[in-house]
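Please open the model in a viewer and display the backbone as a cartoon.

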Amino acid sequence: MGDTLFGPKGLNSTMVCHPVAMVNSYGVFTGSNPFSFSLPVLLMQITVMNTLIRVVAFFLKPFGQPMVVSEIIAGIILGPSFLGKIKTFSSTLFPRQNALVLKTIGVIGNMYYNFLIGVMMDPKLIIKSRRKAVGIALSGLIIPFLVIIIMFYLFWNSVSNSMVGWPFPAILGLIIALSRYPDIYPILTELGLLSSKIGRLGMSSSMCNEVFGWLSLVIIEVLKQSAVDPWRPVYFLFSLTVLIGSLIYIVRPALHSIIRKTPEGRPVNQIYTVGVILGVMVIGLATDFIGGSVIVGPLILGLVIPTGPPLGAALVEKTETFSRSFLLPLLFVNAGANIHVFEVDDWSTRTVMHSIVFVSAIIKLVVTVISSLYFEINLHEAILHGLILNFRGIIELVVATHLFDEKAISRDVYSAILLSSLVITAVVTPLVTNLTKRSRPYRAYKRRTIQHTKRNTELRILTCINGQEHVPTMINLLQASHATLESPISVYLLHLVELVGQAHAIIIDHRKAARKRSSAPATACSDHIIAAFHHYEQSNGGSVTIHPYTSISPFRTMHDDVCLLALDNRVCLILVPFHKQSNGGMKVVDPTLPHILAKAPCSVGILVDQTGAPFMSRPSKHIGVIFLGGADDREGLSYASRMAENPDTRLTVVRFLSNGNDNGREWEIDEDLLSEFKYKSVGNGNVSYKEVSVNNVEEIVSTIRSLDEVYDLMIVGRRQGTNTILLKGPLEWSENPELGVLGDLVASSVFSDGRVPVLVVQQQFFDKQLVLRGSPRQNAVQIGNMQHNAVFNL
């Protein structure tokens, strides 16, 4: 059994001499066995490992398990507990002479993975971490660490035969107690929580843990080397200081120079990206020379590289998939080779280690919850934060494997640590998912709509901008909203920027950044957009106020930033441009939009403009409203009524009536609103109202087509609540269901050749039960807790 990787003694077995294997085979037709050569074996190992990971992930996905759980389980399946027991399988696919090749490539994958983690981390955010994040992180680290040390010495007699002395207890405490950034980031990304408030807090706390962890490991390394030779720590620290100084003061300025020479929007020259990728190997070699961990150098190199485009994004794009998905999983093969699930040499050792890991996880959860409550985080989010900080992953596996290879821990200790960590992550991740789904952080406790906003009060609008091409139409729509000194408009401008080449989703409040005179990581595009809106602000004589923000986050979670900002600033309307992104040659709707429609704490307006030019350039404007009934149509009419207060604006309202109208409560609300509208419009020659009786969808389409007047803007509701005709309409015809049936029809080129912009309005979904849960003061406190620290300001 000593001739396979999965023998009983594993990697720690007695040295056995093997013949040197050749790299390439001569093919089966020559009579040779390809699996006697290193390259075919390696290729098969990579293929089998990655295929098995995908298969396990497929079956575990319904249970909400992250990829790291599938990777570790796949490694265990290939290990001696399962498939490794089959001699033919282990000797053919995992021969002993290929073990070092497999492990070396896995370490290279880990080097590049840590390099990418460093690239995506922003050191400035570590320095600027808030007192809350630092306090929670340290309390959730120090107390579990001390508990682990105490438990270790309390049970020393039962495990002392299989463990070495100090500094093992400290290393063990760090392995278990630390909440590592590389472990938490990928799981939060998979769960779509990277842009959420609790996700940001978890990332900040894990960054503080990461810094403390690396400093602690350096101290431990110094103590270990000082035990051998008092001068070795001096050489090590001096060499490490020179290495880090060279990266900060030589490499980083050179990289900034490259970025400055690269035109905005253009990719970095390939020779520079190749040079940096090669530099990962060089820096790994340097750290190995001075006696440090081979993964420390690549991490530091990644930290000195400026995050985001153009350089950071290019490096992540070129190396992430291959290193993370193909090379790094080889480490899990080696981990699985050392884990024995059923064969236990010392039950007392394994029991103690399981107890230490599980107790420390519970202690970390309790301490994190208590410290979060101390910093005025509500109980629900405090529990979520404590669970997130218990995520385990690749770093714990790497450190434990390193200790096992150095014979610092036994196989039972190693297996207990990784199996316990696997169970914790497998249990915690679904809990976080379910608790997040059950939370409703974007439900306001009062109506935030234009219809329910009193006249002659401030109207708050959140305007989302994806690119400079959306600026003219948005500004013209805001201009048409008729801001006056008696009824001003407060515009919260949010530039949506996709998170590329970095891991930290942030919201930048540009006004606070300007007051602090701090440099925010915004783009030149953000500067141009903000300048255009400030010009609009200045041209309105104090009736308009602009509050500029930039959201840098993944598109799939960007709706969290939009909804949190709307909730925090009590806006009544979110304006979103309707645009499609290119995805594999196909045009797909921005993935942010459906989530905003489903979760917005106020009304939403979707502006569809295919002209690409300002649509209200004439002094007088003509606005058309199509009214079929329901909350959305009432919201659209209320917005149009505000616009019609401008004497230079004409308003035409077309109401469709049919035998299918519901004469219930919604119908009565429609009638009351229309009666009020018609009463206020008496004597106003700029406002016209007409009713059209229809019997089917075809008549509605024909009537819309017959609207031969020239409109500058059409306003429609997204959903029809009292007219059942469209409920039976051609839903399957809708190319863009996000706009609703009527919105899609009006916005399509069938009616206007795309020349008339369309505003599709959805009124706020109001949850009355949220108000009925307690007194007004209790409800205000509840919503205040949900809003607490919703925006991460630089």
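**A guided tour of selected sites**

Begin with E376, which is exposed, with a relative accessible area of 57% (exposed means over 50%, buried under 20% and partly exposed in between, with a 1.4 Å probe and protein chains only). The model is a predicted one, in which local features need pLDDT of at least 70 and side-chain atom pairs count only at pLDDT 80 or more, while totals for chains, interfaces and linings use all residues. Residues are numbered from 1 along each chain as its sequence is written, and side-chain values use heavy atoms, with hydrogens and water left out.

**The loop at E376**

E376 sits in the loop between α16 (347-374) and α17 (379-388); helices are DSSP runs of H or I with at least four residues, strands are runs of E with at least two, and both are numbered from the N terminus. Its phi is near 65 degrees, a positive value in a residue other than glycine. Most residues other than glycine have a negative phi.

**Aromatic pairs**

How many aromatic pairs does a search of the whole structure find? The search finds eight, where rings of Phe, Tyr and Trp (its six-membered ring) pair if their centres lie within 6.5 Å, and planes under 30 degrees apart count as stacked, over 60 as edge-to-face and the rest as tilted. Select F89 and F94, a tilted pair with 6.0 Å centre to centre and 55 degrees between the planes. F89 is partly exposed at 22% relative accessibility, whereas F94 is buried at 0%.

Next select Y374 and F375, whose ring centres are 5.2 Å apart and whose planes lie at 85 degrees, so this pair is edge-to-face. Y374 is exposed, with a relative accessible area of 62%, and F375 is buried, at 15%.

**Two helix contacts**

Show helix α4 (residues 99-120) with helix α18 (residues 394-405): their axes come within 12 Å and cross at roughly 140 degrees. Axes are lines fitted to C-alpha atoms, for helices over the stretch in contact, and angles run from 0 to 180 degrees between N-to-C directions. To inspect the contact (heavy atoms within 4.5 Å), display K103, N110, Y113 and N114 in α4, which meet I394, I395, V398 and D405 in α18.

Move to helix α14 (residues 311-327) and helix α15 (residues 329-338), whose axes come within 5 Å and cross at roughly 20 degrees. These two helices are therefore roughly parallel to each other. On the α14 side R324, S325, F326 and L327 meet P329, L330 and L331 of α15.

**R570 and strand β5**

Select R570, in the loop between α23 (558-568) and β5 (573-577). Phi of R570 is near 55 degrees, again a positive value in a residue other than glycine. R570 is partly exposed, with a relative accessible area of 46%.

Finish at L573 in strand β5. Is L573 buried or exposed? L573 is buried, with a relative accessible area of 2%. Leaving aside neighbours within four places in sequence, L573 is in contact with I450, R460, I461, L462, C602, S603, V604, G605 and Y639.

Terms used: Angles under 35 degrees count as roughly parallel, over 145 as roughly antiparallel, 65 to 115 as roughly perpendicular and the rest as oblique.
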